[in-house]
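Dear colleague,

I am passing on the structure we spoke about, together with my notes on its contacts. Please look through it before reading on.

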Amino acid sequence: MIRSELLTKYYGSVRAVGGVSFSVGAGEVAALLGPNGAGKSTVMRLLTGYVSPTAGRALVGDVDVAERPVTARRQIGYLPEQVSLYPEFTVRRYLGFVGEVKGLARRRRRAAIGRVIEQCGLGEVADRHNGTLSKGYRQRVGLAQALLGDPAVLVLDEPTVGLDPVQAVEMRELIRTLAGCTVLLSTHNLTEASALCSRVIILSHGSLVAADTAAELGRRLEGAGRLVVRIDGPPDAVAQGLSALPGVLGIERGEPDGQAGVRFVVLASNPEPVQRRLAAMAVAAGWTLLEVQVKPPTLEDLFVRLVGSEP
Amino acid sequence: MRSFVALFRKELRSYFGSPPFYFVATAFLAYAGYYFHSDLIYFITFGFGLNIMENFWQILFVDLRLVLIFAVPLLTMRLLAEERRLGTLELLLTYPLRDGAIVAAKLGACLVVVATLLAGTLVYPLLVYHVEPFAFEPLFAAYLGLLLFAGVCASYGLFISSLTDSQVLAGFLTALPLLLLWLLSWNEAAAASGTLPVVRAISLFNHFQPFSVGVIDLRDVFYFLYATGLFVWATLRVLEARQWRGRR
């Protein structure tokens with residue numbers, strides 16, 4: 001349903017994305033992951049026709065977005081990262097305007113507005129002005145306008161960013177109800193990506209690092225594991241020592257939690273020998289090894305392994 | 001077409017639903033009324049019995065043109081600057097609308113508003129006709145001229161509004177050059193002798209003169225349409241700049 005073929009975008013001499021190819025099948029929910037500046041928003045803007053590619057092409061269905069932007073946009077519902085609404089409009093009137101711009105006839109428009117208001121839980125604020133809504137409701141209105149016209153593809157740029165935990169959970173639940181729609185959502189939140197998406201696309205510095213189903217990407221980490229360790233020793237020296245151990249792919253240092261020692265999460269290609277080396281290192285350095293647990297790898301581990309930094 | 005109409009109606013609603021429009025309309029009609037009154041007194045005192053078109057209506061339409069110089073920037077300053085400030089432009093540009101339709105809807109709505117303001121001045125010819133009947137036809141030319149003149153000012157204002165997210169700056173940068181051109185149109189001593197012919201050739205005000213006496217010269221019509229088209233084209237290029245600027 002969505003296809004990106006060697007998608008490249010330069011802003012002046014700055015390369016925002018280069019040679020990015022991936023596809024998302026009809027009905028799939030895909031996550032676009034990457035650290036800040038990875039090119040996620042640029043890919044989304046290319047897919048919505050907001051900007052045209054310098055090279056390559058983006059297709060929605062069989063429609064080349066750059067060649068026939070208006071036709072392509074009829075199939076796309078877009079929620080930008082910053083949801084900006086006309087403050088003087090009530091929610092219902094705003095959705096009416098968007099429905100009309102999307103070409104919905106009066107009767108169909110009225111039915112569609114009623115549907116998205118119900119779907120997005122906007123009933124109690126439908127006659128309030130956009131300017132008076134909370135961030136959570138504004139985000140819902142943003143999603144509602146994207147859903148108007150039953151687009152085949154939904155492009156959601158950071159749909160939960162800036163929301164409080166309760167609002168974020170509600171938004172995730174809302175996205176989960178969009179069965180049958182092809183969804184591409186960008187996020188920093190790997191838990192969110194694991195929970196919502198069947199396909200994961202990872203970008204770093206404007207290039208594609210991985211694009212596959214979550215299950216297939218998980219298989220790439222077969223044999224790998226996470227060691228949760230607690231060591232009583234000088235934190236910086238421990239971190240340095242852990243990073244230098246053969247077989248360690250990455251480490252994450254925990255915040256002080258009032259307990260003895262410092263907690264580290266160590267991603268290892270093969271946890272068992274790393275566990276032995278770690279114990280030997282602690283003994284040799286005179287540190288106390290308080291805790292060691294082996295856990296299966298997560299999407300976060302894969303991200304760290306592929307991108308080499310935090311999302 | 002439905003998308004264009006939707007945006008056009010939204011723009012009209014934004015104008016007629018906002019208090020600043022009524023402030024502009026009140027000020028416009030107050031100044032227009034003042035000029036009507038003072039020009040009529042002048043005509044009655046010094047020109048009664050002479051040609052009413054040249055000795056009264058021409059003076060009034062030239063004065064109305066000046067009022068438009070102040071009114072149009074106040075109407076155009078929000079058109080794209082406000083969309084930029086709110087951040088709604090990005091979403092608008094991802095709807096099934098061409099950039100041209102967005103520009104046309106905004107400019108079209110602004111011209112409808114200007115036409116509405118000008119319609120408020122139609123009461124003056126009706127009042128004068130009631131006292132002393134005269135030929136109406138030349139006035140159509142004058143109103144056409146005012147609309148064409150407003151078209152250039154509005155398209156220029158729209159272009160300036162596309163460059164910034166500050167409405168105040170957009171209004172200021174629209175009004176200032178128009179005012180400067182107006183000053184040069186009646187105070188030619190202010191321009192260097194070498195640049196005067198150029199100023200005359202491009203001046204909106206000189207091209208309006210024939211309309212104000214009831215003459216429609218196709219060269220002037222073409223000039224106004226060309227100038228409007230030029231600023232529409234420039235606005236479209238600014239919207240296109242997102243392709244290389246990477247931001248709204």
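Between chain A and chain B there are 11 residue pairs in polar contact, both residues being at pLDDT 80 or more; a polar contact here is a pair of N or O atoms within 3.5 Å, where within protein one must be able to donate a hydrogen and the other to accept it, and where residues adjacent in sequence count only if both atoms are side-chain atoms. Please keep in mind that this is a predicted model, in which local features need pLDDT of at least 70 and side-chain atom pairs count only at pLDDT 80 or more, while totals for chains, interfaces and linings use all residues. Residues are numbered from 1 along each chain as its sequence is written, chains are lettered from A and ligands numbered from 1 in the order in which they are written, and side-chain values use heavy atoms, with hydrogens and water left out.

The rule also finds two salt bridges across the interface of chain A and chain B, a salt bridge being a side-chain nitrogen of Lys or Arg within 4 Å of a carboxyl oxygen of Asp or Glu. In one salt bridge, the side chain of Glu100(A) meets that of Arg9(B) at 3.1 Å, N to O. On the side of chain A that touches chain B, α3(A) gives the most, with six residues; helices are DSSP runs of H or I with at least four residues, strands are runs of E with at least two, and both are numbered from the N terminus.

In total, 32 residues of chain A are in contact with 28 residues of chain B, contact meaning heavy atoms within 4.5 Å. The area buried between chain A and chain B is about 2900 Å², of which carbon and sulfur atoms give 58%; buried area is the accessible area (1.4 Å probe) that two parts lose on being put together, summed over both.

The helix α3(A) packs with helix α1 (residues 2-16) of chain B at an angle of about 145 degrees, the axes lying 7 Å apart; axes are lines fitted to C-alpha atoms, for helices over the stretch in contact, and angles run from 0 to 180 degrees between N-to-C directions. From α3(A), the contact is made by Arg93(A), Phe97(A), Glu100(A) and Val101(A), and the residues of α1(B) that take part include Arg2(B), Leu7(B) and Arg13(B).

Within chain A, the domain assignment (automatic or from a database) gives domain 1 (2-217) and domain 2 (221-307). Their C-alpha centres lie 37 Å apart, and 13 residues of domain 1 of chain A are in contact with seven residues of domain 2 of chain A. These two domains bury about 810 Å² between them, 84% of it on carbon and sulfur atoms. Of the area that domain 1 of chain A buries against domain 2 of chain A, Leu190(A), Ile202(A) and Leu217(A) supply 53%, more than any other three residues. The count of salt bridges between these domains is zero.

Best regards
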